[in-house]
Amino acid sequence: LDSSIPKIILFTMKSAIIAALIGSAAAFAPAPVAKTTSAINAFEDELGAQAPLGFFDPFGMLSGDVTQERFDRLRYVEIKHGRICQLAFLGQVVTRGGLHLPGDIDYSGDSFDSFPNGVAALIGPDSIPTAGFVQIVAFIGALECAFMRDVPGTGNEHVGDFRNGYIDFGWDDFDEETKLS
């Protein structure tokens, strides 16, 4: 060895290399499986719980006082938000593809395709008029309060079924073979 390097520095560097090797080996060790509480185990058989995760609650929203009613409420909100996101994505794709409603958006003669796509249609110098934005928000609010809600006792088949007895696709009249095809 070169005598110009003090022994303490060699010892420190060797220790650092050994510690790094041990730390990297720990990355490949199997992780211990966390035991779920009995309250969470109550939802292991719900729709969406599947191997290898089982019932997955990453934010711990069902920890503590867990009831079936709270679980159903969170599932309802999740389905509703998912549908809103799907509609927003579809609207983004359609307008970016160049498909706009025909006609004018206001009485001054501004056509639907004269406004930019995406968030720029709501915010910015070329955005739709404020009255138009207020109408959009009011329409969404009316849908939220009057139609897009789960009304108990109207024949809804599952959480998030917003038909509320108004729309019947005739699915209940199908035989088992037709349902499976």
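What share of the contacts in the protein with a separation of 6 or more comes from residues 24 or more positions apart? The share is 24%, where a contact means heavy atoms within 4.5 Å. Before we walk on, a word on what you are looking at. This is a predicted model, in which local features need pLDDT of at least 70 and side-chain atom pairs count only at pLDDT 80 or more, while totals for chains, interfaces and linings use all residues. Residues are numbered from 1 along each chain as its sequence is written, and side-chain values use heavy atoms, with hydrogens and water left out.

Let us start with the overall layout. The protein has 5 helices and 0 strands, so its elements read α-α-α-α-α from the N terminus on; helices (H or I, at least four residues) and strands (E, at least two) are DSSP runs, numbered from the N terminus. Of its 181 residues, 10% count as buried, which means under 20% relative accessible area, with exposed over 50% and partly exposed in between (1.4 Å probe, protein chains only). The accessible surface comes to about 14,700 Å², and 65% of that belongs to carbon and sulfur atoms. Such areas come from the Shrake-Rupley method with a 1.4 Å probe; for residues, only the protein chains shown count as cover.

Now for the empty spaces. Rolling a probe the size of a water molecule over the atoms shows where empty space is left. A pocket here is an open set of points on a 1 Å grid over the protein atoms alone, where a 1.4 Å probe fits, with protein on both sides within 12 Å along at least five of seven lines; lining residues have an atom within 4 Å of a point. The largest pocket holds about 1,500 Å³ of space, a volume being the space filled by probe spheres set on the points, which are joined across faces, edges and corners. Its lining has 36 residues, and Leu87, Gly91, Leu122, Ile136 and Ile140 are the closest to its centre. Helix H3 (68-96) and helix H4 (130-147) are the elements that give two or more residues to this lining. By type, the lining splits into 24 nonpolar, 8 polar and 4 charged residues; Ala, Val, Leu, Ile, Met, Phe, Trp, Tyr, Cys and Pro count as nonpolar, Asp, Glu, Lys and Arg as charged, and the others, Gly among them, as polar.

The second largest pocket has a volume of about 450 Å³. Among its 19 lining residues, Phe55, Phe56, Phe71, Arg75 and Glu78 are the closest to the centre.

Side chains of opposite charge can pair when their charged atoms come close. The structure holds 2 salt bridges, each a side-chain nitrogen of Lys or Arg within 4 Å of a carboxyl oxygen of Asp or Glu. In one, glutamate 46 pairs with arginine 75, their closest N and O atoms 3.9 Å apart. This pair links distant parts of the chain, 29 residues apart: glutamate 46 is in the loop between helix H2 (38-41) and H3, and arginine 75 is in helix H3. Glutamate 46 counts as partly exposed because its relative accessibility is 22%. In the other, lysine 80 meets glutamate 144 at 2.6 Å, N to O. Here helix H3 supplies lysine 80 and helix H4 supplies glutamate 144, 64 residues apart. Lysine 80 counts as buried because its relative accessibility is 10%, whereas glutamate 144, at 37%, counts as partly exposed.

Valine 119 sits in the loop between H3 and H4 and counts as exposed because its relative accessibility is 56%.
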